[in-house]
Amino acid sequence: MSTLTPAKPDAARVPGTPARAVLRGPTRVLLRLHRRVLWGAGAVSLAAIAGMVAVALGADRVVADFAATGCTLSSTAESCFGHARVYTDHMLALDRLLGYVGLALLALPAVMGAFVAGPLIAREWESGSIKLSWTQSSRPSVWLVTRLAVPAALLVCGITALSAVHVWAQDRIKDPFPASWYDLSYFGASGTVPAAAALMALAVGALAGLVLRRTVPAMAASLLVSGAVTAVLSTLRPTFWPVERDVFTPNSRYVWPEQADVTEQGLLTSGGDRLPPDLCSDPTFDLDACFAEHGVTHHYLEYHPASHYWPLQLVETGVLLALAALAVYAAFRVLRRLHG
């Protein structure tokens, strides 16, 4: 069919047509056009899930084998030393594998955002197929909605499943290497943050593709911006929720809070000044005399307890969704300017 041939009326142009009917055709076209990538991504996701399940089952087997020896990690018998070392070595290796998976989950949204920026959007501008899509297939707004909604639905479902399996597998090896809830590879790959990060990266990718309209630059810009957002939020994360603060005297038997993400610690003077914690750590110093010289009366500790996991998760999720909404709004504004 020539590009000059008037397009047949379709659901996208009929007032009152349900949104499902408007998006059905463009969605089928998009899925068919990129079916190989989708099948490949699905296969990789299933392989990752199978690998994490295998790691969890392997951890169960290592635990059972160690229990069969009658030894524990606290055993003092010389005959248990070798068994304990084999056990810890195996569990450490499995823990590292899950750590790598967690880091991959952190990078996945940025990679998919780059895919939206390049092959899904910018390449159509480079090849000129965007004109055919707009004249014979769907309106520009429907074209963009499809390229946002379809990857978003697939990626959110996929990354949520991967995150859930990752958390489940990580819990199976918590002894003797429990995952710290505030670790980068755990916090960013669990809870609601992965799905929100995926939506943010997809929106940034769509905006980059529309602004640059060249495949490679758009992919690079999308990766750079999404990675920068992840790095900045990781740095600012401790400030998203008020910290707990403990003050105690130097000679008290203070119990360090379990699973605490310490943000700051140090010494306090009688006047309320804060001093570094290693001020009197030199072994040649007399500790009491050093404290007296500087007027130190207390230690202080500021930290996030484990109970702050969900407040921090939800605040970061809100920030990511707000950034995604801004990027989507900007993308539609750019599309309107381009289309006229």
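This briefing covers the disulfides, the cavities and the sheet of one protein model.

The model is predicted, so local features need pLDDT of at least 70, side-chain atom pairs count only at pLDDT 80 or more, and totals for chains, interfaces and linings use all residues. Residues are numbered from 1 along each chain as its sequence is written, and side-chain values use heavy atoms, with hydrogens and water left out. The structure holds two disulfides. A search of the whole structure finds two cavities of 30 Å³ or more. Four strands form an open sheet.

**Disulfides**

- A disulfide is a covalent bond between the sulfur atoms of two cysteines. Here the term is used for a pair of cysteine sulfur atoms within 2.5 Å.
- Cys 71 and Cys 80 form one such link, with an S to S distance of 2.1 Å. The angle about its S-S bond is -75°, and the link is left-handed.
- Both Cys 71 and Cys 80 are buried. Buried means under 20% relative accessible area, exposed means over 50%, and partly exposed lies in between (1.4 Å probe, protein chains only).
- Cys 280 is joined to Cys 290, with S to S at 1.9 Å. This disulfide is left-handed, because the torsion about its S-S bond is about -75°.
- Cys 280 lies in the loop between β3 (274-275) and α9 (287-294), and Cys 290 lies in helix α9, so the pair ties together parts that are ten residues apart in sequence. Helices (H or I, at least four residues) and strands (E, at least two) are DSSP runs, numbered from the N terminus.
- Cys 280 and Cys 290 are both buried.
- Number the bonded cysteines of the protein in sequence order, and the pairing reads 1-2, 3-4.

**Two cysteines up close**

- Cys 80 lies in helix α3. Cys 80 counts as buried because its relative accessibility is 8%.
- Leaving aside neighbours within four places in sequence, Cys 80 is in contact with Cys 71 and Ser 75. Contact means heavy atoms within 4.5 Å.
- Gly 70 is ten residues from Cys 80 along the chain, and their C-alpha atoms are separated by 8.4 Å.
- Cys 157 has 57% relative accessibility, so Cys 157 counts as exposed.

**Cavities**

- Rolling a probe the size of a water molecule over the atoms shows where empty space is left. On a 1 Å grid over the protein atoms alone, a cavity is a set of points where a 1.4 Å probe fits but cannot get out; lining residues have an atom within 4 Å of a point.
- The largest cavity has a volume of about 120 Å³. Grid points are joined across faces, edges and corners, and a volume is the space filled by probe spheres set on the points.
- Its lining has 16 residues, and Leu 106, Gly 188, Val 193, Ala 197 and Thr 230 lie nearest the centre of the largest cavity. The elements giving two or more residues to this lining are α3 (79-127), α7 (193-212), α8 (215-236) and α10 (309-339).
- By class, the lining of the largest cavity has eleven nonpolar, three polar and two charged residues. Ala, Val, Leu, Ile, Met, Phe, Trp, Tyr, Cys and Pro count as nonpolar, Asp, Glu, Lys and Arg as charged, and the others, Gly among them, as polar.
- The second largest cavity holds about 30 Å³ of space. Leu 106, Pro 109, Ala 110, Ala 197, Met 200, Ser 226 and Thr 230 line the second largest cavity. Here α3, α7 and α8 are the elements that give two or more residues.
- α3 gives the most to the lining of the second largest cavity, with three residues. By class, this lining has five nonpolar, two polar and no charged residues.

**The sheet**

- The strand order is β1-β4-β2-β3, and the pairing is antiparallel. Two strands pair if DSSP finds at least two bridges between them.
- β1 (244-248) and β3 stand at the edges, each with a single partner strand, so one side of each has no neighbour in the sheet.
- Strand β2 (residues 261-269) and strand β4 (residues 296-304) are joined by eight bridges. Gln 265 has Leu 301 in β4 as its bridge partner, and Gly 266 stands opposite Tyr 300 in β4.
- β1 and β4 are joined by five bridges and run antiparallel. Leu 301 in β4 is the bridge partner of Asp 246.
- β4 is mostly covered, with seven of its nine residues buried.

Notes: 1 Å grid on protein atoms, 1.4 Å probe; cavity = no way out; pocket = protein on both sides within 12 Å on 5 of 7 lines; lining within 4 Å.
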